Amino acid sequence: MIKCPKIKCGYENPLANENCVHCGTFLGFPNVNECLQKEELEALEKRYKEKVDSAAGNGYDDSRIEFEEIIKKSMAVINVNLDDLHMFVVGNNTLYSSYQLQTGGETRDFAPSEFDRERLGIEGTLFGSYGRNIRYAALSIDGKGLKSYGDFTIIISDTAIEERATLLEENSYRFIKTHKILAGDISKRMPRGYRAVWNDRSKLTVARLLEKALLTTVENYAKIVLLSTGNRKTDDFIEVHIYGKLSNTSIQAVRGNSENVREQDKDMIERIKDYLTADSRQWIEE
Ligand SMILES: [Zn+2]
């Protein structure tokens, strides 16, 4: 539950509420409020601290700090195909929508039924009814994204999401399976300490990946944090959950290869580049 911050009100609201049901005061983003629960913060801190202490004990404190500083500058990235990129960048008032809102608003068809059920089941298990407001991204330290979702990587600007993005330490499909979480079974609910608010992303990443990082060198950190294999089943990444509308003003840069496209698509690429640079955003050639 979350208490309404308005002193005269103080009504205890369910965590899924964005606004106080009694007085309408904004309570914060539900995904953020979930990660800010005391038990959740304590569990994350405990996991993080164990890794920090163990690294220090083995004489790896400097490497741990270096890894952590790099993660503090990490970005949220979303991969899309060229058509979707073009629509998002060039379109007026286009929003990057969520699956449930798109299918609900009939702008896209349902995925084949087994995927549709799986997707809704996982969103429902992780977020409950506010799952429809979540947009998914991946955490990246070099701006490269997951090619299995599309050849072009949108890098989202920090200011667009820092208040409303949270992280889950691995992709939600896999997380639910790894931890055997079952919707409606209280004994198998979400374990604590595997989610974090945007500003705690380095803690979550250290908790999950520090050992791997210490076994390698700085050049390989990007691949440890986000492994793009071209296959969604074997991709490995930290999932970013962004609450609410995402417009093309949130684009900081786009990465892609503009040479490696079909001849008839070259115009589209040029238009995308023009729109981006006209607005002093970056095209990064791969
Ligand atoms: Zn209230």
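Q: How many bridges join strand S5 to strand S11, and in which sense do the two run?
A: Strands of a sheet pair through backbone hydrogen bonds, either parallel or antiparallel. Here four bridges join S5 (residues 152-156) to S11 (residues 251-256), and the two run antiparallel. Two strands count as paired if DSSP finds at least two bridges between them. Strands (E, at least two residues) and helices (H or I, at least four) are DSSP runs, numbered from the N terminus. This is a predicted model, in which local features need pLDDT of at least 70 and side-chain atom pairs count only at pLDDT 80 or more, while totals for chains, interfaces and linings use all residues. Residues are numbered from 1 along each chain as its sequence is written.

Q: Which residues stand opposite Ile 154?
A: In S11, Val 254 stands opposite Ile 154. In S3, which pairs with S5 in the antiparallel sense over five bridges, Ile 78 stands opposite Ile 154. Thr 153 has Arg 255 in S11 as its bridge partner.

Q: Are the residues on the faces of S5 buried or exposed?
A: In a regular strand the side chains alternate between the two faces of the sheet. A residue is buried if 20 or more other C-beta atoms, placed from the backbone, lie within 10 Å of its own, exposed if 12 or fewer, and partly exposed in between. Phe 152, Ile 154 and Ile 156 on one side of S5, and Thr 153 and Ile 155 on the other, are all buried. Five of the five residues of S5 are buried, so S5 is largely enclosed by the rest of the structure.

Q: In what order do the strands of the sheet lie?
A: Eight strands form an open sheet of mixed pairing, in the order S7-S6-S10-S4-S3-S5-S11-S12. The edge strands, S7 (195-197) and S12 (282-285), each pair on one side only. From one strand to the next the twist averages 35°.

Q: Which strands does helix H4 touch?
A: Residues are in contact if their C-beta atoms, placed from the backbone, lie within 7 Å. H4 (residues 82-90) packs on the sheet and touches S3 (75-80), S5 and S11; its direction makes about 120° with that of S3. Angles run from 0 to 180 degrees between N-to-C directions, and axes are lines fitted to C-alpha atoms, for helices over the stretch in contact.

Q: Where does helix H9 lie on the sheet?
A: H9 lies across S4 (134-140), S6 (165-168) and S7, running at about 155° to S7.

Terms used:
Two residues are in contact if their C-beta atoms, placed from the backbone, lie within 7 Å.
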